[in-house]
Amino acid sequence: MKSRRTLLAVAEVAAWWVPLAALWLVLVSTLDPLELAVGAGASAVAAFVARGVRRAVSGR
């Protein structure tokens, strides 16, 4: 049961990360490797925060 919960958590974070990373790519003016890395990291942090906020609001 724990592996299913982990898989769902990873899927939720990925579901948040993809649109956030796409938004970052739309908003940046250059595509330097460093900017891509920063965008991926910022999107990952925001995805984890979004998951935490959703869990806090839903009470799970």
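**View 1. R54 and E12 make a salt bridge, with their closest N and O atoms 2.5 Å apart.** A salt bridge here is a side-chain nitrogen of Lys or Arg within 4 Å of a carboxyl oxygen of Asp or Glu. R54 sits in helix α2 and E12 in helix α1, so this pair ties together parts that are 42 residues apart in sequence. Helices are DSSP runs (H or I, at least four residues), numbered from the N terminus. R54 is partly exposed, at a relative accessible area of 31%, while E12 counts as buried at 17% relative accessibility. The cut-offs are these: buried is under 20% relative accessible area, exposed is over 50%, and partly exposed is in between (1.4 Å probe, protein chains only).

A quick note before moving on: this is a predicted model, where local features need pLDDT of at least 70 and side-chain atom pairs count only at pLDDT 80 or more, though totals for chains, interfaces and linings use all residues. Residues are numbered from 1 along each chain as its sequence is written, and side-chain values use heavy atoms, with hydrogens and water left out.

**View 2. R51 also forms a salt bridge with E12.** Here the closest N and O atoms are 3.4 Å apart. R51 belongs to helix α2 and E12 to helix α1, so the pair links parts 39 residues apart in sequence. R51 counts as buried, at 18% relative accessibility. How many salt bridges are there by this rule? The count comes to two. Back at R54, which bonds to E12, salt bridges that share partners join E12, R51 and R54 into one network.

**View 3. Helices α1 and α2 cross at roughly 135°.** Their axes, which are lines fitted to C-alpha atoms over the stretch in contact, come within 8 Å; angles run from 0 to 180 degrees between N-to-C directions. That makes α1 oblique to α2, since angles under 35 degrees count as roughly parallel, over 145 as roughly antiparallel, 65 to 115 as roughly perpendicular and the rest as oblique. W17 is partly exposed, with a relative accessible area of 33%.

**View 4. W24, L25, L31, L34, L36 and V38 make a nonpolar surface patch of about 570 Å².** Patch residues have over 30% relative accessible area and no salt bridge; like charges are joined within 9 Å, and nonpolar side chains (Val, Leu, Ile, Met, Phe, Trp, Tyr) within 5 Å. Areas come from the Shrake-Rupley method with a 1.4 Å probe, and for residues only the protein chains shown count as cover. The largest share, three residues, comes from α2. L36, in helix α2, counts as partly exposed at 39% relative accessibility.

Technical notes: Helix = DSSP H or I, 4+ residues; strand = E, 2+ residues; numbered from the N terminus.
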